[in-house]
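Trainee: Could you show me a structure and take me through how its features are to be read?

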Amino acid sequence: MASTTNPVLGIRALNRATLARQLLLSRAGMSARDAVAHLVGLQAQNVQPPYYQLHARLAGFGPERLAGLMESREVVRMVTMRSTIHTHTAHDALTLRPLVQAARDREVGYFRKGLTGVDLDRLGARARAFVEDEPRTMGEIREELLREWPAADPQSLAVAARCLLPLVQVTPRGVWGRSGQVRLTTVERWLGGNVDEVRPQAVDDVVLRYLGAFGPASVKDMQTWAGLTRLRAAFERLRPRLLVFRDENGVELFDLPDAPRPDADTPAPPRFLPEFDNLLLSHADRSRVVAPEHKGRAWTGNQAHRTLLVDGFLAGLWRTEGDGLLVELFGTHPRGVEEEIVAEGEALLAGMGRGPGPVHFGAIRG
């Protein structure tokens, strides 16, 4: 239970601290590679979101900066946190993937009925040899495994291979302005390195990095971000090195002593974020970014929308439309704020190479 002597951080204080860690209070001058490392990866179910994430966070960012890193293999696309595709630095691809292997093993368990009679060690070895010979599609992997286990469920075989092996999506997939079918090989083959063993020190290091990018945060917050359980022990090991706060509900929050915690009244400019931005997905309690009245408005069914922050909080949706942007605001804002939104939208269009185009307001859903 949190001590009553721990200082309380209100919603706006948490908001500003998180925005500062996320490079969303002001654009940072760091490189794209350093930003990907600082943010502990960029969620990347689709190809374009990582590029938009960095445009919102980095000064002078253009898509070619991340595209070049993809092509030089300094960053890669692979399944890690929350069993979703992320863009990671090469170093993080080798070190973070083993930390989430337990979750991937549990996922294989959900498909055991379709894997009756399948030796998973043999499956992993055969799939590894197949994709390391040359990058393969999931369909090709499935057909290869069916040759040895023709009575097994095809989807279960593919899922098992995807979960058992640290697979990366090879280029040109993920490169801005190019297209390509998803082809997979192992991270070791693609990067020429070996995945790290999971050690308590490695888990502790990731806790510290998570707090640096998403803190102040609770144990449950980090477990939500990582898609893992049983992280309390790591926080307890680190407690002597951390500051401890409470939120307004009494939940214990941990933080790095030297991390920025700006004043709650610090200005937060409008920011256009893509679908699946980690800012909105990496806390158990998302009220630091999403007000209760707007909960669920970033989604329609299982379809995520691109979101707009105003004063640091979710305030609308957006999409590209022709050569411009369409913005749906959830409420009314002073004319000066709308002018700031238009200016930020125009900067987005220019920075992402779409050229000058109109930014107008209307309805996106329904």
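Trainee: Which residues line the largest cavity?

Mentor: This is a predicted model, in which local features need pLDDT of at least 70 and side-chain atom pairs count only at pLDDT 80 or more, while totals for chains, interfaces and linings use all residues. Residues are numbered from 1 along each chain as its sequence is written, and side-chain values use heavy atoms, without hydrogens or water. A cavity is a set of points on a 1 Å grid over the protein atoms alone where a 1.4 Å probe fits but cannot get out, lined by residues with an atom within 4 Å of a point. Here the lining consists of Gln 22, Leu 39, Gly 41, Leu 42, Gln 53, Arg 57, Phe 214, Asp 277 and Asn 278.

Trainee: How many residues of the largest nonpolar core are there, and which have the most contacts inside it?

Mentor: Such a core joins buried Ala, Val, Leu, Ile, Met, Phe, Trp, Tyr and Cys residues through side-chain atoms within 4.5 Å, buried meaning under 20% relative accessible area with a 1.4 Å probe, protein chains only. The largest one has 32 residues, and Leu 54, Leu 58, Leu 66, Phe 272, Val 327 and Ile 341 have the most contacts inside it. Apart from this core lies another, of 30 residues, including Phe 214 and Leu 228.

Trainee: Is Glu 252 buried or exposed?

Mentor: Glu 252 counts as buried because its relative accessibility is 15%. Its side chain makes a polar contact (a donor and an acceptor, N or O, within 3.5 Å) with the side chain of Arg 239, at 3.0 Å.

Note on methods. Buried means under 20% relative accessible area, exposed over 50%, partly exposed in between (1.4 Å probe, protein chains only). On a 1 Å grid over the protein atoms alone, a cavity is a set of points where a 1.4 Å probe fits but cannot get out, and a pocket is an open set with protein on both sides within 12 Å along at least five of seven lines; lining residues have an atom within 4 Å of a point.
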